[in-house]
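These are notes on a chain that I was asked to look over. The points follow below the display.

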Amino acid sequence: MGKDSHVDDFVIDRVLPETDACHGRQVALVCGPNIIDQNGNIIWKKDEDGVNYDHVQKIIVADLFPDKPGKEVYVAESYRRRSHLFTCHGEPLWTYDNYTCLCDDVPFGRLTTAGALVNWSGKGKIEFAQPEYSGFPVTRVRGCYKTNCSLEELARHEECWLRFMHIIDRYGQPVDIFPITCVPMCAIAAKVTGAATDDIVMVGHHDSRIHIYTRR
């Protein structure tokens, strides 16, 4: 299905339009990324285009443009830290790479499986909420992942990490970027505080606390 050794995320939804020959719902997989029909046949696969989408972590299917057939497919590459939107047939619409720049002071970073559709701006708008984190020292952090060290040891580095939430509109433009206090395991949109727009609820990867962000 793809070059990755494992699948971090998938979606089961009606991606293709009803007019396509493929009936029923499809499976959208991060590895590739690709779309598979209900019989296990690959409908389209992006790495066959000669472009390597490096370790995609998050995939979201949404009807962002109701006047166009089918639904759009959003994916986020982990270590390369780029987000992409494709049409239902795998044609690229945009790439968002306005995440923290890698440099000597910030040599390590990634996007995670956390991410969601959210109405952050109000008036029924649909946007993507994509968290990121980056930090140092690179040797210890990368060493931790290679040796499968404990979460406690990883957490000792967290004070050096930069963490941000990116709100991206359906055209691939940043709507809002704000700091967050944890490396999130998940991020979901919910009505918690009574605000007119959606809140974003996250659970910290290392502190296991619930963090709620709202737009005022």
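1. Leaving aside neighbours within four places in sequence, Gln 26 is in contact (heavy atoms within 4.5 Å) with Val 11, Ile 12, Asp 13, Arg 14, Val 15, Leu 16, Ile 35, Ile 36, Asp 37 and Ile 43. Gln 26 belongs to strand E2, residues 26–29; helices (H or I, at least four residues) and strands (E, at least two) are DSSP runs, numbered from the N terminus. Gln 26 counts as buried because its relative accessibility is 1%; buried means under 20% relative accessible area, exposed over 50%, and partly exposed in between, with a 1.4 Å probe and protein chains only. The C-alpha atoms of Gln 26 and Gly 40 are separated by 9.1 Å, and the two residues are 14 apart along the chain.

2. On the basis of these values: this is a predicted model, in which local features need pLDDT of at least 70 and side-chain atom pairs count only at pLDDT 80 or more, while totals for chains, interfaces and linings use all residues. Residues are numbered from 1 along each chain as its sequence is written, and side-chain values use heavy atoms, with hydrogens and water left out.

3. For the chain as a whole, the secondary structure comes to two helices and 16 strands. Of the 216 residues in the protein chain, 50% are buried. Among contacts between residues at least 6 apart in sequence, 49% join residues at least 24 apart.

4. The largest nonpolar core has 16 residues; such a core is a set of buried Ala, Val, Leu, Ile, Met, Phe, Trp, Tyr and Cys residues joined through side-chain atoms within 4.5 Å. The residues with the most contacts inside this core are Val 15, Ala 28, Ile 35, Ile 59, Val 61, Val 73 and Val 75. Strands E5 (56–62) and E6 (72–77) each supply at least two residues of the core, and the largest share, three residues, comes from E5. In soluble globular proteins, nonpolar side chains tend to be buried together.

5. Ile 35 touches Val 15, Gln 26, Val 27, Ala 28, Asn 41, Ile 42, Ile 43, Trp 44 and Val 73, residues up to four places away in sequence not being counted. A second, separate core has 13 residues, including Leu 64, Phe 65, Phe 128 and Ile 168.

6. Strand E7 (residues 82–86) is mostly covered, with four of its five residues buried. Five bridges join E7 to E6, and the two strands run antiparallel; strands pair if DSSP finds at least two bridges between them. On the other pairing, four bridges join E7 to strand E8 (residues 92–96), again antiparallel. His 84 in E7 is the bridge partner of Val 75, and Thr 95 in E8 is the bridge partner of His 84.

7. The turns deserve a look. The hairpin of E6 and E7 has four residues between the strands, and Arg 81 lies in that loop. Arg 81 has a positive phi of about 55° although it is not a glycine. Most residues other than glycine have a negative phi. Arg 81 also counts as buried, because its relative accessibility is 4%. In the hairpin of E7 and E8, with five residues between the strands, Gly 90 takes a positive phi near 85°.

8. Strands E12 (residues 162–168) and E13 (residues 174–179) run antiparallel and are joined by five bridges. Phe 164 stands opposite Pro 179 in E13. The hairpin formed by E12 and E13 has five residues between the strands, and Gly 172 in the turn has a positive phi of about 85°.

9. The second largest pocket is lined by Leu 64, Ser 121, Gly 124, Lys 125, Ile 126, Glu 127, Asp 169, Arg 170, Tyr 171 and Val 175. On a 1 Å grid over the protein atoms alone, a pocket is an open set of points where a 1.4 Å probe fits, with protein on both sides within 12 Å along at least five of seven lines, and lining residues have an atom within 4 Å of a point. The volume is about 170 Å³, taken as the space filled by probe spheres set on the points, which are joined across faces, edges and corners. The lining divides into four nonpolar, two polar and four charged residues; Ala, Val, Leu, Ile, Met, Phe, Trp, Tyr, Cys and Pro count as nonpolar, Asp, Glu, Lys and Arg as charged, and the others, Gly among them, as polar.

10. Ala 196 lies in the loop between strand E14 (184–190) and strand E15 (199–204). Ala 196 is exposed, with a relative accessible area of 72%. Ala 196 and Lys 123 are 73 residues apart in sequence and 8.9 Å apart in space, C-alpha to C-alpha.
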